[in-house]
Amino acid sequence: MVARLPTSSLFRASLARPSGSTTGKLLSRAGARSYQISAKPSEEKGKSSPLYKYKFLKEPATVGIVGCPFSGGQKRAGVDLAPNKLIEAGLVDQLSSLGWNVHYESQQSYIDIPYNPIPTSSPSAPSKTEGTVETQQDRGEVVQRLPDPDIGLMKKPRLVSAVNEKVAKQVGEIAEKGWLPLTLGGDHSLAMGTVAGTKSKYPDACLIWVDAHADINTPLTTESGNLHGCPVSFLLGLEGCDVAPFNEWLSPCLKPEEIVYIGLRDIDDGEKKILRENGIKAYTMHHVDKYGIGKVVEMALDYVNPNREKPVHLSFDVDALDPTVAPSTGTPVRGGLTFREGHYITEALAETGCLVSVDIMRIS
Ligand SMILES: [Mn+2]
């Protein structure tokens with residue numbers, strides 16, 4: 001379903017225009033960062049259901065969009081603006097014109113998390129919230145701000161953990177309804193929550209991770225301490241991940257043979273070792289060049305989902321795409337997927353009918 005979205009608006013948040021929804025209904029808008037929208041398929045466009053049948057979703061096909069304006073898993077601001085920019089660029093209309101019912105609720109409740117949760121790109125963000133106890137007046141509520149000092153090498157551990165716990169719950173609830181959760185990041189640390197949420201409904205779901213990076217450092221191996229580089233290791237429960245506050249809500253839910261990577265080209269030495277030791281399958285850009293994207297997706301599916309009978313979670317980091325296609329991302333790496341190769345992956349996965357959850361991460 002993501003397959004047919006115009007990538008120009010999906011991957012270039014700067015093209016955002018004011019929401020001009022013709023089929024959608026703006027239910028409320030409290031401040032610049034808050035939306036609730038629902039939309040039905042547009043009858044006049046003659047498309048009342050999506051192109052493919054989705055084996056695990058309930059009829060009528062419904063997307064529950066989870067907007068995660070979150071950048072706490074890394075240092076650079078901007079990535080937290082993406083969800084609302086994508087909505088403003090017309091994502092809800094595009095999905096409903098493809099035959100999906102759409103529900104969107106921007107995840108503003110991060111404001112309620114007391115560890116520096118205000119998006120750093122927000123015009124209303126306070127100049128300094130870290131390391132001090134203070135209060136913040138927002139939406140008429142007084143929120144107590146608490147410090148979030150490093151734990152070991154991990155930066156902002158309490159914040160990342162608390163946000164992901166919320167995301168896991170929200171994604172799990174949408175999946176439970178038989179809808180497709182579409183999570184708009186935000187940085188890729190959020191995949192701890194999205195995959196945990198998907199797994200709560202579909203314990204046998206497999207994970208297709210499209211990314212320039214493996215994001216499989218652990219709290220013991222991370223060089224930067226930024227948790228956006230660690231979500232996969234937490235999901236797998238690798239050494240060093242059984243650590244508070246994460247282990248208070250997140251249990252290992254992914255087996256090494258349930259994940260496959262596509263698009264890798266920038267992997268730390270420590271990560272290479274982890275991938276090797278755990279026997280994790282990865283198709284790098286070298287494989288895309290060698291076999292072509294069609295064969296790579298087929299091999300990836302044959303590995304994690306040979307009979308096409310398991311639910312599939314797609315976690316798509318836009319930095320998998322070449323920077324000429326998707327310049328608006330935190331850590332661009334040359335030599336990435338073309339516009340069509342990126343689309344092809346989403347189309348081929350939609351075609352299996354097995355998709356149950358999708359993340360689009362790291363647009364900034
Ligand atoms: Mn990533």
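This is a predicted model: local features need pLDDT of at least 70, side-chain atom pairs count only at pLDDT 80 or more; totals for chains, interfaces and linings use all residues.
## H4 against H5

Let's start with the helix pair. Two packed helices are described by the angle between their axes and the distance between the axes. For H4 (residues 157-176) and H5 (residues 191-201), the axes come within 7 Å and cross at roughly 35°. The crossing is right-handed.

On the H4 side, the contact is made by Asn164, Glu165, Val167, Ala168, Lys169, Gln170, Val171, Gly172, Ala175 and Glu176. Facing them from H5 are Met192, Gly193, Thr194, Ala196, Gly197, Thr198, Ser200 and Lys201. Sort the residues of this contact by type and you get six nonpolar, eight polar and four charged.

## How H5 is covered

H5 is mostly covered, with ten of its eleven residues buried. The buried set runs Ala191, Met192, Gly193, Thr194, Val195, Ala196, Gly197, Thr198, Lys199 and Lys201. Two lysines, Lys199 and Lys201, are on that list.

H4 is one of the elements doing the covering. The others include the strands E7, E8, E11 and E12, along with helix H6 (231-236).

E7 (residues 180-184), part of the cover over H5, is itself mostly covered: five of its five residues are buried. Both faces are involved, with Leu180, Leu182 and Leu184 on one side and Pro181 and Thr183 on the other.

E7 has parallel pairings with two strands, E3 and E12. With E3 (residues 62-67) there are five bridges, and Pro181 in E7 stands opposite Gly64. With E12 (residues 355-361) there are three bridges, and here Thr183 has Asp359 as its bridge partner.

## Helix H10

Now for H10 (residues 339-352). At 1.5 Å a residue, its 14 residues should span 20 Å, and the end C-alpha atoms are 21 Å apart, so the two values agree. Just after the helix, Gly353 takes a positive phi of about 75°.

Which residues of H10 are buried? They are Glu341, Gly342, Ile345, Thr346, Leu349 and Ala350. An α-helix has 3.6 residues a turn, so residues three or four places apart point the same way. The cover over the buried residues of H10 includes the strands E8 (206-210), E9 (259-264), E11 (312-317) and E12, plus the helices H8 (285-291) and H9 (293-304). E8, E11 and E12 also turn up in the cover over H5.

Conventions
Residues are numbered from 1 along each chain as its sequence is written. Axes are lines fitted to C-alpha atoms, for helices over the stretch in contact, and angles run from 0 to 180 degrees between N-to-C directions. Helices (H or I, at least four residues) and strands (E, at least two) are DSSP runs, numbered from the N terminus. A crossing is left-handed if the near helix is turned anticlockwise from the far one by less than a right angle, and right-handed if clockwise. Two residues are in contact if their C-beta atoms, placed from the backbone, lie within 7 Å. Ala, Val, Leu, Ile, Met, Phe, Trp, Tyr, Cys and Pro count as nonpolar, Asp, Glu, Lys and Arg as charged, and the others, Gly among them, as polar. A residue is buried if 20 or more other C-beta atoms lie within 10 Å of its own, exposed if 12 or fewer, and partly exposed in between; C-beta atoms are placed from the backbone. Two strands pair if DSSP finds at least two bridges between them. The expected span of a helix is 1.5 Å times one less than its number of residues.
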